[in-house]
Every structure is written in C-alpha cells, then in structure tokens.
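This report describes selected local features of one protein model. Please consult the sequence and the structure shown below while reading.

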Amino acid sequence: MSLKNNKYLKILSENEKSIIEGIVLSLVTALAITAILTGSFKHVSDINFVKDTSLIKVIVIFVISGILAGIIYHVKKIYAKLIMLAAVFIYFILAAYVSSGILSSDIKNGIGQICFLALSAALVVIAFLYVKEDVYKAQEKFTISDKSLKVYTLLVGLFLLAVTTIIGVFKYEAYTAPTFDFGIFAQGFEYMKQTGLLKTTVERGHELSHFAVHFSPIFYLALPLYFIVPKAETVAVIQSIMVALPVIPIYLLGKQYKLSNKVIAVIMAIYALFPATVSGILYDIHENCFLTFMILMLIWAVEKNKKILMVVFLLLTLFVKEDAAMYVMLLGAFWIASRKAKLKGLIFILVGAIYFVIAIKIVNSFGYGIMDFRYGNLFYDQSKGFIQIVRVFFTNPGYLLTQIIANDNAENMDKIGYIITMFVPIGALIFSTGKKYSRYILLGSVILISLLTTYIYQHQIEFQYNFGHIALFLYIIVMNVADMKHKKRKTLLVSSLIICAIMFMGLVMPKVPRYVGLYNDKKATIEKFDKAISMVPDDKSCFTTGWLMPHMSKNLQVYDVGYLDENHKEGVPEYPDYLLVDESENDVESHFAKYINSGKYDLVYDGDASEGSTKIVSLYKLKK
C-alpha cells in the first residue's frame, strides 16, 4: 500500500491543524502547571532554583499534566483552551504577587519589576487572544441584570474600601505613617474640630493655616465624619471612602452612554485594579483623593444636563485644590473642541481660570504661595515662575518633549516606569479614539502634572497626583468603548482587565499583608510608643519625630523637631513641656541633644529599657 493511500497519514493530513494546536496547547498548559506546582513562581530571579529542584519531579509533573491536557483537548477543545488560559494566568498572577519588591534589586534595574509585570501581562494577553472566541462562547449565556449590576457596584466599592482601609489604618497603627503627610492632615482635622480652622503646627514648623500651602476647603466636607469618630484612623478611612465612591459615577456614565451591564462591570473592575487607583493612598491622605469622584460626577452632571448638580460638583472639584482648576479647564477645552457642549466648555474655561487666580492669591495671602519650584526644569529664570513655560513652548517645543522622559536620576528611570504603569494597562482603550482627536485633550493633565516636571513624586503611582488623571482616563475609556464595534470592545476590555489584574497583584496587593505584618511584628514596640504618648497631656507642648507625631494629632501644640525653624518662629516654645524621642531615629542626637543637655529636663520614661530590652522611646519632661 502506497504512503499516499495510508489511512493514518490521511487522518494526520486532514487533522494537521488540530493536532498541532493540541500539542502546543498541551505543552503550554503543562509548562504553566509545572511552574505552579513546583513553586518556581517564587524564584523568578533565582537561577539556583533550577539546580535545587528535582529534575525527575519536573519531568513527571510536566508529562502527566501534558497528557491530561491533551486528553481534555481531544474530548472537548474549548475546555482545554480555557484551562490553558487559566493556567498561564494563575502562574503569572502568582509570580507577580511573590516578586513584589525584589526584582528591581535582583536584576539591577530600577524599573525591573514594572517591566516584568508588563511582559507577564503581555504573555497572558497573547494566550487570551488565541482562545478569545472560546472565552466569548463560554460566557454567552452569562448575563448581568440591572439589579445584579447594582449589587456588583456595591461589592467593588466595598472591595476598594476594604483594601485601602486595611492599608491606611494598619500603616498608621504600625507607626509607619509619618508627619508628611498623614500627621499634617490628622492634626488638621483635629484643629478643624476644635477651632473650626484648618491649621497645623507641623506642615511648616509652626502654627499655620493649610491654606498657606494649598487652598483645599474640600476637607470641611469630610469634617462631619471626623466629628462622629474623632480619631486619626478616621482620616485614613475618609480617603478610602473617596477611592471607593467613584464606582457610582462610573455606573452612571456607563448608563448614560448606553453601555451594557457587562461592559460597565468590566470598566468598574478596570478602575478597581488599575495600579494607580489604590496606590495613590500609599503616602497617606491628601486632598487629591477627592478628585476622582468629584470630576466624574461633574462630567456626568454635564452629560445629563443637570444644571444644579453641575454647579455643585464644579465648585466641589475646584475646592479640592488650586490646581483642580486645570481639570475643569481641560474639560471645558474638550467640550468646545468636540462640540459636545461649547457654551458650557467656554464657561468652564473662564470659571477655572478665574478661580485659579483667586485661589493663588488666597494661598499667597496666607504666606507660602504655590510650589512652582517643582517645574524648575522648565524655567530659564528661576525667579519668573510659570509664565516662562508658555515662552518655552513657542521657542523650543522640542525641549518640552525631552522633559516628558527626563528623570531626576538617570539610574532610576522613574518616569519611564511611570509611563509603563499608567499606560500599558489601559493604553489600548485610551488610544482607540478613531478620529475623535479632541479626546486627547483630556490627557493634558497627566502631561502637565506628572510628565513635564522632574519632581519625582509627581510621576510615581504611590503618590496622590494621579487621582485627577484617573477620572479623565475613565471618561475617555467610556466614550471610546461606546464608539467601538462589539468584537473590538470585548477584546480590548478583557485585555486591559488582564493587564490591570497582573499589575495590581504585583504592585498593590502585597501592601495589604505587608502593613498587617508590620503591625503584628512591632506590637512590643507599639505598646511602648503608645505608653509614652499617653503620658503627654494633649494641652502641653511637645517636640517629637516623624513616626510618632501622627499619633499625637489631638495635641495642637506638638511639633516635628525635624522641621522646626532653627530660630523657632513665633508661637513655637523655646523649650517645650515634653520631648518625645524615638530612639530608633538616626538623627535623634542632632535634633534633641540641645534640649536634653540643657539640664532643663527630667527623663520620665525610658521605654522600659530597665527591663533589659533595647531602649526604643524616651520621654523627657520640662522641670518646674
């Protein structure tokens, strides 16, 4: 019998594509399952793991899982494809979580972990794209009713509230929330409660209105909650609430744009898992946390033509901070350029510009003025301020482009890492505007606030400067998704969700056990800190250091010794009633020696060092 007529070769020829696909799927599934079961995801930067792991064990797991995957593929292809995707996804989720914080140092790359996460997400997306039709087919019968979507919205909000509250509260309880900036606002709320004024004694080393730094009357909106529970932890919870609340305008905007419940649910999940959403709370509370909710509600009010709500949320947005006027003006410019609401757009630009000038004058009148030094890289004359940027734009626009990728430290590549983190997860959704180029106006905030400056904190996801960007990103996403064809919409949404999930697991989720663990590990130290603080009356003046100060926020005469003016400004005591010393601080001697060696103080608590333990905290009281 000739080879041409061989029935086995004929079968092989007729099923060539299916056989090759089955082999490839089985190999990929086996590789992912083997990596999971052997625990290699814990050692992504350790070459010695290969040497220390039994080769026989690897082969056995690989062969068995590969055979099982092949059998499943032969019986039901769709199951095999979904299992392959699940295995790849689980492996990279685990690798992302476990690799947190070690990759950058292990591979000598300042943005090593971010790059690893981006590459991992890309591989999962490739796996998804290969089996996407089967994924879509598997979820065809799955529907989300209006009632279910409302429940889902509540659950996403509660998830964000829980994650951010755990991080914020345990960070505080573990004495890892410093004066800058948790202590500033914890004491600020206490000042508002006791005096009605938003003041602090620690923001600039003497009693001062916060309005001397930022014009943020929005804090008064949250004051009733602090009145109900007047504790420093409440301040962290206030920020958590503001991170959770944007699920409401996302729901409303989705309905306004007639998106399906499934699509709204995915966009909401993308918001929750977008790395910058939760990361914005990691350096404690700031007024910026109000921006996402206020801006999105303002957008919804404009889209629905609800004039009263539009005025309310316009004012609330502006009250967040003086530079919130920029978001308002960008929205106005977009509405004019897109012809969506030209008159309202013009009004927004005028109101934003006028408010910005007024807010700056208020800040200047209180004393310190806006911190334009952060844009020093754009000033050819450091004494002339922001107006120079306009001249730079017209005279040397290429220079502005270089500053978008310029870093304050060539080794860190911090801005490149920031761009990857902000745009890789949702870039496909943002840059799929078709010919709706006016929507790119809304990207102006991330360029102006975060990319043009070399001030490092403004282009890090761990800081508060991204809350406004996130609101505008979501607006672009909702509009773009509403314009997409059904197939493209599903593909881009699921791909973005996958990337967000991988990056969330690597950059955000490890923070939850980290701060809970710190609290549990430091309980003995915390008890001594708490005991020392309890011995300082709230109505007596005290000098202390950054980790202890936030826990004394009810004291309106507490000062962070690290930020005191050398000559002590008016109102700051030359010799305070108490000195609360964190003995673990390296600069204790330089900050407190002058007072301790003056002979004016008695040591009243030594942190129980007499029991044989290392001295952790000391409390000194001014002699009568």
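## Helix α16 and its cover

In helix α16, the buried residues are Met310, Phe313, Leu314, Leu316, Thr317 and Leu318; buried means under 20% relative accessible area, exposed over 50%, and partly exposed in between (1.4 Å probe, protein chains only). Helices (H or I, at least four residues) and strands (E, at least two) are DSSP runs, numbered from the N terminus. The elements that cover these buried residues include α10 (219-228), α15 (291-303), α17 (324-337) and α18 (342-366), where contact means heavy atoms within 4.5 Å.

## Basis of the model

The model is predicted: local features need pLDDT of at least 70 and side-chain atom pairs count only at pLDDT 80 or more, while totals for chains, interfaces and linings use all residues. Residues are numbered from 1 along each chain as its sequence is written, and side-chain values use heavy atoms, with hydrogens and water left out.

Strand β5 (residues 578-582) is mostly covered, with five of its five residues buried. Tyr578, Leu580 and Asp582 point one way from β5, and Leu579 and Val581 point the other way. In a regular strand the side chains alternate between the two faces of the sheet.

Strands pair if DSSP finds at least two bridges between them. Strand β3 (residues 542-544) runs parallel to β5 and is joined to β5 by two bridges; phenylalanine 543 has leucine 579 as its bridge partner in β5. Strand β7 (residues 617-622) runs antiparallel to β5, with five bridges between them, and leucine 580 has leucine 619 as its bridge partner in β7.

## Backbone features

The peptide bond from phenylalanine 180 to aspartate 181 is cis, with omega near 15 degrees. Aspartate 181 belongs to helix α9 (residues 179-195).

Lysine 258 lies in the loop between α12 (247-256) and α13 (261-273) and counts as exposed, at 75% relative accessibility. Asparagine 305 lies in the loop between α15 and α16 and counts as partly exposed, at 43% relative accessibility.
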